[in-house]
Amino acid sequence: EKVEITKEQRALIKAILDAYNRHQIPQDVTKKLLQEQYSAEENFLLLTEVATSQVQVLVEFTKNIPGFLSLDREDQIALLKGSAVEAMFLRSAQVLSKKMPSGYTEVLEERIRKSGMSEEFMTPMFNFYKSIEELHMTQEEQALLTTITILTPDRPYVKSHEAVERLQETMLDVLRKLCVLQHPQEPQYFARLLGRLTELRTLHHYHVEMLTSWKTNDHKFTPLLCEIWDVQ
Ligand SMILES: CC(C)c1onc(-c2c(Cl)cccc2Cl)c1COc1ccc2c(ccn2Cc2cccc(C(=O)O)c2)c1
């Protein structure tokens with residue numbers, strides 16, 4: 001049947017895309033990524049700074065998701081804690097797959113590869129990056145997929161499951177229509193995007209082990225990361 005994006009849905013896409021583009025990691029953090037020397041220690045410190053900055057960016061973005069601030073306050077926290085890692089995997093995949101002019105992508109990839117992370121996590125992580133790159137998502141799709149990840153109702157400690165589900169369904173409906181309109185030659189494109197959300201959950205489980213292995217090698221995290229990732 002004829003797929004039509006309503007006026008309200010167009011406004012929703014604009015609000016989410018504006019918020020998504022407005023929030024970038026500060027220049028001083030990204031400049032350091034290019035300048036500092038390469039050592040496992042230095043790479044870990046830089047990535048910790050990037051992750052901390054990314055969490056702050058994520059909180060700001062989430063506050064601009066229409067309807068998010070009307071959710072129960074404790075549920076807002078539960079959604080942020082539960083989705084932070086997945087949103088950051090998505091964001092890092094989008095940044096790494098965009099071949100940035102400044103050679104910045106290669107630098108970032110190099111620092112991740114040499115940050116004391118064990119091989120068993122590296123492979124699934126870079127496979128994920130490759131699978132995101134192959135999708136050639138538009139900015140709207142990236143922003144909406146991140147929003148849908150954040151609005152996942154079955155995170156730990158979420159009380160008003162239905163309220164979150166309603167919000168997520170609104171976003172899923174918009175994304176489905178966008179996919180049909182922007183990828184008419186690929187009827188399965190929307191399903192492929194949702195398949196990435198399943199892969200994100202697997203990476204989330206790997207990430208918990210990554211943190212433990214970094215902890216055992218006495219790596220320090222910032223207070224914000226300890227709080228959002230429940231690290232002691
Ligand atoms: C604590 C630290 C060592 C860590 O633990 N797990 C991960 C971790 C890792 Cl190693 C991979 C994926 C997700 C996480 Cl949490 C990390 C490093 O975290 C990040 C977070 C975001 C990342 C990166 C790499 C790229 N990005 C996205 C990015 C970078 C620069 C600018 C912008 C922007 O929006 O302007 C976005 C690393």
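How many salt bridges does this structure hold? The count comes to 15 salt bridges. The model is predicted, and side-chain atom pairs count only at pLDDT 80 or more. A salt bridge here needs a side-chain nitrogen of Lys or Arg within 4 Å of a carboxyl oxygen of Asp or Glu. Several of these pairs can be followed through the chain.

Start in helix α1, which spans residues 7–22. Here K14 forms a salt bridge with D18. The closest N and O atoms are 2.7 Å apart. The two residues sit four apart in the helix, so about one helical turn separates them. K14 has a relative accessibility of 53% and counts as exposed. The cut-off for exposed is over 50%. D18, at 34%, is partly exposed.

Helix α6 repeats the spacing. It covers residues 119–135, and K130 and E134 are four residues apart within it. Again, about one helical turn separates the pair. Their side chains meet in a salt bridge, with an N to O distance of 3.5 Å. Both ends are partly exposed: K130 has 48% relative accessibility, and E134 has 45%.

Now take a pair from separate parts of the chain. The side chains of E86 and R155 meet in a salt bridge at 2.8 Å, N to O. E86 lies in helix α4 (residues 73–97), while R155 lies in the loop between α7 (139–150) and α8 (161–182), so the pair ties together parts that are 69 residues apart in sequence. Are these two residues buried or exposed? E86 is buried, and R155 is buried too. Buried means under 20% relative accessible area.

Salt bridges can also join into networks. One such network links D72, E74 and K159.

Turn next to helix packing. α7 packs against helix α9, which runs over residues 189–216. How are the two arranged? Their axes are 11 Å apart, at an angle of about 45°. The helices are therefore oblique to each other. Their crossing is right-handed.

Which residues make the contact? From α7 come E141, L145, I148 and T149. From α9 come Y189, L193, L197 and L200. By class, the contact has six nonpolar residues, one polar and one charged.

Terms used
Residues numbered from 1 in each chain as written. Predicted model: local features only at pLDDT ≥ 70, side-chain atom pairs only at ≥ 80, totals over all residues. Heavy atoms only, no water. Buried < 20%, exposed > 50% of the residue type's maximum accessible area, 1.4 Å probe, protein only. Axes fitted to C-alpha atoms, helices over the stretch in contact; angles between N-to-C directions. Parallel < 35°, antiparallel > 145°, perpendicular 65-115°, else oblique. Left-handed = near helix turned anticlockwise from the far one by under 90°. Contact = heavy atoms within 4.5 Å. Nonpolar A, V, L, I, M, F, W, Y, C, P; charged D, E, K, R; others polar.
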